[in-house]
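Have a look at the sequence and the model shown here. We'll walk through them one piece at a time, in plain words.

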Amino acid sequence: MIDCDVHAVVPDTSVLEPHLDDHWREVLTTTQFSGPTDQAHPPNLATSLGDFPAVDGAAPGTTLRSLQAQVLEPLGIETAILTCDYAVDSIRNPDAAAALASAVNDWLVAEWLDRDPRLRAALVVPIGQPAMAAVEVHRLGGHPGFVAAHLPVRSAMPYGNRGWWPLFDAITEHDLVAQLHFGGSPGLPPTASGWPSTWIEEHVDMASAFQSQLLSLVAEGTFDRYPGLRVALLEAGFAWLPAFLWRADKGWRGLRREVPWLRREPSAYVREHVRVGLQPVDGPPDAAQLAQVVDQLGAPEMLMFATDWPHRHPGGLGSVPDGLPDAAILSENARTHYRLP
Amino acid sequence: MIVDCDIHNAPVSETALHAYLPEAWRRRRSAGGRLAPEVEASRETLGDRSYLGSEYPRATPRAARTDAWPPDGSPPASNLPFLREQLLDRYDIEYGVLTPMLGAGEQLDLESGAALASAINDWQAAEWLDPEPRLRASINVAYEDGELSAREIARCADDPRFVQVLMLIRTAEPLGRRKYWPLFRAAAERGLPVGVHYGGWGRGPLTGTGFPSFYLEDQVGMATAFQDQLTSLVFEGVFEEIPELRIVLIEGGVAWLAPLMWRMDRAFELLGSEAPKLDRRPSEVIREHVWLTTQPMDEPERTADLPVLFDHMGMDDRICFATDYPHWDFDSPERAIPRVLGEDRRRRIMRDNAHALYRLGDG
């Protein structure tokens, strides 16, 4: 099995200090800046807390040992792709964001990738400044352990926007997957109508952010400019995809004069370039209906197994609901998409 | 027979509404801040200070069907005889619900918006409802102020030809928040549903990911605004607070609803403590309180997926037909609702559901 979304969690800035230069170590010391506090998953919510105990005194996700003991060994995982959603995008100081992103990536290499050949990782990039994010991709994109760049799905500017081209130049030059992941801290409201009161709303609304990003990537011609670009949606759910694709295709049929560079309907671009992590399963509880939804995707190869460890999902770690058709979901779809051996 | 739940009538010009404004507001609206005449003629919305900075060249002038301009050159849907000819008579429409998109709710000056709303409502009664018995109207309100909205609802609601209160989907804050409750309460007390229509500027980008570049993204992406607003209404417990409230989502399409209900139900299983007022699954609340109009009717690639979509929704008595006349993405009563849905569903969609929702037989 290939697990395309397990979380490496930075416990605190002390693990990053060895990977920071003297200037930033001094900044952390003199300001007591404790790193980004925004979290895609507030720690005490039910979705954040898996039923996982500490391992050797370390919280799940903070050490390689916890991953090995709770995911890789019990599930017999062949390859797992590390996601670290350390919210450097919430830090407005662009140099601090870039320094911390680099430190996290060096920590991922030293403490995770170098120590277990089953691991791959997504690069943390300082998306506040696309050009600086590109620099980080160029710095480490050639490292064989990095197979993706981590793009929080909530950005200040949709990823199709031309301002992102330096970053996508770098991502495609290094043949990485652009990994759109639940969360993000652009400082702008998550909805068309401002800030919701509760986190459960924001959690549900994240599907809208994924829809917006897919539409932007397609409409701006990103896949025409970067024909080899591969995108993964993680912690996105997928039940919303068929309805979204129908609506996008219909809108394009009426308005295609506005985006004449598109050579096909939006759904064709999405089915070719985009793959989706399995968790959280947000489809119907009824297996027959779930099978209908997957059938409506029109491309069963779009789904890739993911545990989202250490976050909690109904059914328990690694569960795959009835109604999913294809054994390729467990490994081969991700192997192809991430170009794993 | 057909009920059309979304017809965008418009005045010939903003000054045509001035007869319905009190003198002070007429002076105010005639004075500074007015748009150049050619700019005004290119827009459907009125008023002088709403949230701007989010404009797209759209499909057509005023986003209208190119054949919807009346012979006298007046704006689309501003000429009742031509609207009768092109819509009501042409398709044998039994009732049509007017939903003028004139921007009363979007004015940054709330009292100015309320004055504009009152003028729009009086104009509708005098120039549309009086001469044409097939028409029903929506109460325009300055919906960012609950008290002003409640006052306007009270003023209009005794006229049974007003069948709903009208908002736009992109409000300044999420719809479930308390500032909108006085509006919802006033509507529910009068037995009126609240219709929430495509559009509006919100107070920032359409998406949680910044400003999109194209009208295509604005038009298609508006479906996400509907999804997020329904999420807010349900999880904030509005329907528990106001059990008689009925919400009509207009011009949002329908296909996104079943997936949203699944997603909300699953979130509620894990995170129900975040929504302490809610004591049952979000999908149950939605099926009880929410109606949707069809246009733009969803078009699955395989037609056979359309009945599947309706099976998943489980809301056969809540989906109502709309044309969106005179806009470019008009859904024809003859073609938009495919036969594959079956005659029973089609009859409910084309007529029966709207009759029950707006109590059309009763008035």
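Here is a short tour, from whole chains down to single residues.

## Before we start

This is a predicted model, so a few ground rules apply: local features need pLDDT of at least 70, side-chain atom pairs count only at pLDDT 80 or more, and totals for chains, interfaces and linings use all residues. Residues are numbered from 1 along each chain as its sequence is written, while chains are lettered from A and ligands numbered from 1 in the order in which they are written.

## Two chains, side by side

Let's begin with chain A. You'll find eleven helices and eight strands in chain A; helices (H or I, at least four residues) and strands (E, at least two) are DSSP runs, numbered from the N terminus. Its C-alpha trace spans about 60 × 45 × 40 Å along the principal axes. Chain A has 341 residues, and a compact globule with that number would have a radius of gyration near 20 Å; the chain comes in at 19 Å, which agrees. That radius is taken over C-alpha atoms, and the globule rule is 2.2 Å times the number of residues to the power 0.38.

Now chain B, with its twelve helices and eight strands. The C-alpha atoms of chain B fill a box of roughly 55 × 45 × 40 Å along the principal axes. For its 363 residues, the globule rule gives a radius of gyration near 21 Å, and the 20 Å of chain B agrees with that. Of those 363 residues, 55% are buried. Look at contacts with a separation of 6 or more in chain B, and 80% of them come from residues 24 or more positions apart; a contact here means that the C-beta atoms of two residues, placed from the backbone, lie within 7 Å.

## Where the chains touch

How many residues of chain B are in contact with chain A? There are 59, and they meet 60 residues of chain A. The elements giving two or more residues to this side of chain B are α7 (215-235), α9 (257-271) and α11 (305-313) of chain B. Of these, α7(B) supplies the largest share, 15 residues.

By type, the residues on this side of chain B split into 26 nonpolar, 17 polar and 16 charged. Nonpolar covers Ala, Val, Leu, Ile, Met, Phe, Trp, Tyr, Cys and Pro, charged covers Asp, Glu, Lys and Arg, and the others, Gly among them, are polar.

## The sheet in chain A

Chain A holds an open sheet of eight strands in the order β1-β2-β3-β4-β5-β6-β7-β8, with parallel pairing. Two strands pair if DSSP finds at least two bridges between them. At the edges sit β1 (2-7) and β8 (303-304) of chain A, each pairing on one side only.

Zoom in on β3 (residues 119-124) of chain A, which is joined to the parallel strand β2 (residues 79-83) by three bridges. Across that pairing, A:Leu82 stands opposite A:Ala121 and A:Ile81 opposite A:Arg120. Is β3(A) mostly covered or uncovered? It is mostly covered, with six of its six residues buried. With β4 (residues 146-152) of chain A, β3(A) pairs in the parallel sense over four bridges, and there A:Ala122 stands opposite A:Ala148. To get from β3(A) to β4(A), the chain passes through helix α4 (residues 130-140), making a right-handed β-α-β crossover. Right-handed means that, with the strands pointing away from the viewer, the path from the first strand over the helix to the second runs clockwise.

## A covered helix and a buried loop residue

Helix α8 (residues 241-255) of chain A is mostly covered too: twelve of its 15 residues are buried, including A:Phe244, A:Trp246 and A:Trp252. What covers them includes α6 (199-219), α9 (266-273) and α10 (287-297) of chain A, together with α7 and α9 of chain B.

Finally, find A:Leu16 in the loop between β1 and α1 (22-31) of chain A. Why does A:Leu16 count as buried? Because A:Leu16 has 22 C-beta neighbours inside 10 Å. Beyond its neighbours within four places in sequence, A:Leu16 is in contact with A:Val10, A:Leu100, A:Ala103, A:Val104 and A:Trp107.

Notes:
A residue is buried if 20 or more other C-beta atoms lie within 10 Å of its own, exposed if 12 or fewer, and partly exposed in between; C-beta atoms are placed from the backbone.
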